[in-house]
Amino acid sequence: MPTLDDLELVRRALDVPGPRADVIAAGRDRLDALAAGQARALAAGPARRRRRLRVGAALACGAAGAAAAIAATLVVAHPHTGTGGTGEAVTSARPKQPAPAGSVQQAILTAAGSVSGDIMQITETTSGGPDGVGDGVIRYLSWPARPAFGQRVRVLSLRGALRVEETYAQPSQSASTVMRMGTALVINTSAKTWSRVLDRLTPSTPEMISLFLLDKSSILKFQVLNAHATLDGRAVIELSVPAAGQLRVLAWVDARTYLPLRMVKLHWANNPASRKQYDFAFLPPTPASRAALTAAVPPGYRHTPG
Amino acid sequence: MTFPPEGARSDEALLADSLRRPEAFGELYSRYFPRVWRYLAGRLGPDVADDLAAEVFLDAFRRRGRFDPAIGTVRPWLYGIATNLVARHHRAEARWYAALARAGADPVAANGIALSAEDEIADRIAAWQARPALAAALARLPDRDRDVLLLTALGELSYAEVAFALAVPEGTVGSRLHRARRKIIAEFGQARPAAHYDLRGN
């Protein structure tokens, strides 16, 4: 049950999504120009410093057009996290110009549509959960990646000794808010037991991911933070995904295919150190890959009540 | 998220370095611009924040030689500069609260609901529904009480940090915050939704 105190209520009521990428870049350009003016004055030495500082002051007073022309190479940190804040192996070559508004989002939308029927593979790595609860790695296979209303969905979750296969019909409303009737087959390879549950299922991680990264209403609100980044050696586009409260969501899509490669949620458990990382792959739904979605009960396993 | 990130240089070290290498200040911009922008957007609205957030950093850059790390840290110092800017735009702040007080369902808030984890949704709804009454109550607070309340709630500063940001004693921060919270609770308490939603159906 929600339990907001008045300070938290104030914070949430006044909270808005973060600044646009072009606003961040414009402010940075002004600061860079000011810093470049001072850096040149320092390099020129004491004899010329006074005049140089006047140049810097003139820039600060609003000579933005001239200032923008001054080249300044600065170490660029992630606007939301600071350098290395997400722990990503990302190099951020600062884009010379902001990406054209809307073009990247449109390309991502088109790419998302092309994998709607694919199997989405997600590797979820969690840390910083409350008292360590939930920490660890879970692998999901979900098909179809972006189901239509009424379509049959199958999700296989693998965590340690547990294999859980869920099947249900996609509800009509937002997957994040609707319970659905379905079945869950739970196999414990450590205890060598299995059970089957017919019940209301909570929305699964792949559904939430699908909402974050493959849904049109979400994609159109992505902010491009860096259109020329690299992630593990691949050219990627770095994005900020709108999210509520203290939650921060960053994503990286392949710069060539525009398909999601990774998403990171920061501060997901009201804990500044909490972090979830999702790595993605999209697999064509061949008979072999679809067979991998089935959690067959091995012979000799004991049935337990669901 | 805590700043600076683990293993990174401290804000104060960066600021000191920027006196010799001005470009080092860019790292502080990267760390804090989104936070300062959100603080300004919460008080003045996103449009005004777009115009003013960079001013905070330009002002801080020009004043960085006078920053004394012996008496405070960089983060509240930046919020203090931002709060001074808000004071110079008090009409914009009044207009923003008036707009919020008039507004019903906000698409920004609705988007937050749709994209947040399900456990957070009911809280978001509660905040969303309280928004108009809360904005009206904020508008009626004295400026100095509102500064303390919003530096605490939006800036997430401690008493000591608020005291440093506003250059007032910690005891003053405590009394102003207590007064502001009491008024806020009294004003919007009745508007708070009585029932919440348990989305897991428990």
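Reader: Is Arg20(A) buried, exposed or partly exposed?

Author: Arg20(A) is partly exposed, because its relative accessible area is 42%. Buried means under 20% relative accessible area, exposed over 50%, and partly exposed in between, using a 1.4 Å probe and protein chains only. This is a predicted model, where local features need pLDDT of at least 70, side-chain atom pairs count only at pLDDT 80 or more, and totals for chains, interfaces and linings use all residues. Residues are numbered from 1 along each chain as its sequence is written, chains are lettered from A and ligands numbered from 1 in the order in which they are written, and side-chain values use heavy atoms, with hydrogens and water left out.

Reader: OK. What does the side chain of Arg20(A) meet in a salt bridge?

Author: Its partner is Asp22(A), at 2.9 Å from N to O. A salt bridge here is a side-chain nitrogen of Lys or Arg within 4 Å of a carboxyl oxygen of Asp or Glu. Asp22(A) is partly exposed too, at 38% relative accessibility.

Reader: How many salt bridges over all chains?

Author: The count is 25. Another one joins Asp279(A) to Arg262(A), with the closest N and O atoms 2.7 Å apart.

Reader: Which parts does that pair tie together?

Author: Asp279(A) lies in strand S12 (residues 275–283) of chain A and Arg262(A) in strand S11 (residues 260–266) of chain A, so the pair ties together parts that are 17 residues apart in sequence. Strands (E, at least two residues) and helices (H or I, at least four) are DSSP runs, numbered from the N terminus. Arg262(A) counts as buried at 10% relative accessibility, while Asp279(A) is partly exposed at 22%.

Reader: Switching to chain B. What does Arg9(B) form a salt bridge with?

Author: With Asp17(B); the closest N and O atoms are 3.1 Å apart. Asp17(B) is buried at 5% relative accessibility, and Arg9(B) is partly exposed at 40%. Both belong to a network of salt bridges that also links Arg20(B), Arg21(B) and Glu23(B).

Reader: And the helices, how do H3 and H4 of chain B cross?

Author: The axes of H3 (residues 46–63) and H4 (residues 74–87) of chain B come within 9 Å and cross at roughly 120°. Axes are lines fitted to C-alpha atoms, for helices over the stretch in contact, and angles run from 0 to 180 degrees between N-to-C directions. H3(B) and H4(B) are therefore oblique to each other: angles under 35 degrees count as roughly parallel, over 145 as roughly antiparallel, 65 to 115 as roughly perpendicular and the rest as oblique.

Reader: Which residues of H4(B) meet H3(B)?

Author: Trp77(B), Leu78(B), Ile81(B), Ala82(B) and Leu85(B) do, and the H3(B) residues they meet include Leu52(B) and Phe57(B). Contact means heavy atoms within 4.5 Å.

Reader: What is the mean pLDDT of chain B?

Author: It is 79, and 76% of the residues of chain B reach 70 or more. pLDDT is the predictor's confidence in each residue, from 0 to 100. Over residues 105–120 of chain B the pLDDT stays under 50, and the model has 35 contacts for them beyond four places in sequence.

Reader: Last one, where is Lys192(A)?

Author: Lys192(A) sits in the loop between strand S6 (180–188) and strand S7 (193–201) of chain A. Not counting residues up to four places away in sequence, Lys192(A) touches Tyr301(A) and Arg302(A).
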